[in-house]
Amino acid sequence: AKTADEMQTADSKIKLVTDSTEQYLAVRERVRQIADQNYSDISATTQLYQRSALALSNLGKSQNDVLKFTNAVSLAMRTGGSAANEQRAALLQLSQAMGAGKLMGDEFRSISENAPTLLKLISKEMGVTVGELKKLGSEGKITSEIMYNALTKNIELLETQAAKMPVTMTQAFNVAKNKYKEYVGDMMNSTGGVSGAIASSIIGIAKNFDTIVKGMTIAGGLAFVAFASKIGIATKSMALFNLVANANP
């Protein structure tokens, strides 16, 4: 149930930034591919895509541009060699920065700790050292456009570096988790899925809770009376059995 809800939330985020069912399905499939190819968490990747789409649309970027940026970020995370939980934290913080339109504060600190590759590319784009970025970040000068250019201009370099890196057990399990989430999400949430029916049933129970509890209390009372009568019969039968057994050891 938790996985189904997580995937439904992820799908809803994509729907918010796409214009049609066809576009939504195409983008969702591409986001899933990006997550699997770069061994990143699908929910974090989806959130990065959605917030980047909102930020980059103001710069006149297309859906393909946003997908290109999302892939570049995932590649940078992969080449950075961070653990899965660190990558997820960095993706979430970067998505927040993209949503805000600039990289600064807690988001900057998280990226510097968990995704130093990103800072190297940003420093390269801005023509400054990595050490100077903190000051520029505090001044709000690391904008969404700078982050977009820094990543997309170096996507071929990132792909080359990623191809040289071995796949770890953690990364392999990340893909397995993604596939599990996709399966559960498609089964439970798609047209004809069961999560909606289950949710409706739970809401129905909640709205009629008093009536249901009263009915259960009455049914329970009747069941207890029937059970008690059976206990009485069983007790008498056991007493008779003991009497016979004692007489015939």
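These legends describe close-up views of a predicted model.

**View 1. The cavity and its volume.** The structure holds one cavity of 30 Å³ or more. About 40 Å³ of space lies inside the largest cavity. Rolling a probe the size of a water molecule over the atoms shows where such empty space is left.

**View 2. The lining of the largest cavity.** Which residues line this space? They are Met-7, Ala-10, Asp-11, Ile-14, Arg-28, Val-31, Arg-32, Ile-42 and Thr-46. By class, five are nonpolar, one is polar and three are charged. Helices H1 (2-16), H2 (21-37) and H3 (42-57) each supply at least two of the lining residues. H1 gives the largest share, with four residues.

**View 3. Helix H7 and the residue after it.** H7 covers residues 116-126. Its buried residues are Thr-117, Leu-118, Leu-119, Leu-121, Ile-122 and Ser-123. Gly-127 follows H7. The phi of Gly-127 is positive, near 70 degrees.

**View 4. H7 crossing H9.** Helix H9 spans residues 144-152. The axes of H7 and H9 come within 8 Å and cross at roughly 105 degrees. Angles of 65 to 115 degrees count as roughly perpendicular, so H7 and H9 are roughly perpendicular to each other.

**View 5. The contact of H7 with H9.** Which residues of the two helices meet? From H7 come Leu-118, Leu-121, Ile-122, Glu-125 and Met-126. From H9 come Ile-146, Met-147, Asn-149, Ala-150 and Leu-151. The contact has eight nonpolar residues, one polar and one charged. Leu-118, Leu-121 and Ile-122 are among the buried residues of H7, and they also take part in this contact.

Terms used
Residues are numbered from 1 along each chain as its sequence is written. This is a predicted model: local features need pLDDT of at least 70, side-chain atom pairs count only at pLDDT 80 or more; totals for chains, interfaces and linings use all residues. Side-chain values use heavy atoms; hydrogens and water are left out. Buried means under 20% relative accessible area, exposed over 50%, partly exposed in between (1.4 Å probe, protein chains only). On a 1 Å grid over the protein atoms alone, a cavity is a set of points where a 1.4 Å probe fits but cannot get out, and a pocket is an open set with protein on both sides within 12 Å along at least five of seven lines; lining residues have an atom within 4 Å of a point. Grid points are joined across faces, edges and corners, and a volume is the space filled by probe spheres set on the points. Ala, Val, Leu, Ile, Met, Phe, Trp, Tyr, Cys and Pro count as nonpolar, Asp, Glu, Lys and Arg as charged, and the others, Gly among them, as polar. Axes are lines fitted to C-alpha atoms, for helices over the stretch in contact, and angles run from 0 to 180 degrees between N-to-C directions. Angles under 35 degrees count as roughly parallel, over 145 as roughly antiparallel, 65 to 115 as roughly perpendicular and the rest as oblique. Contact means heavy atoms within 4.5 Å.
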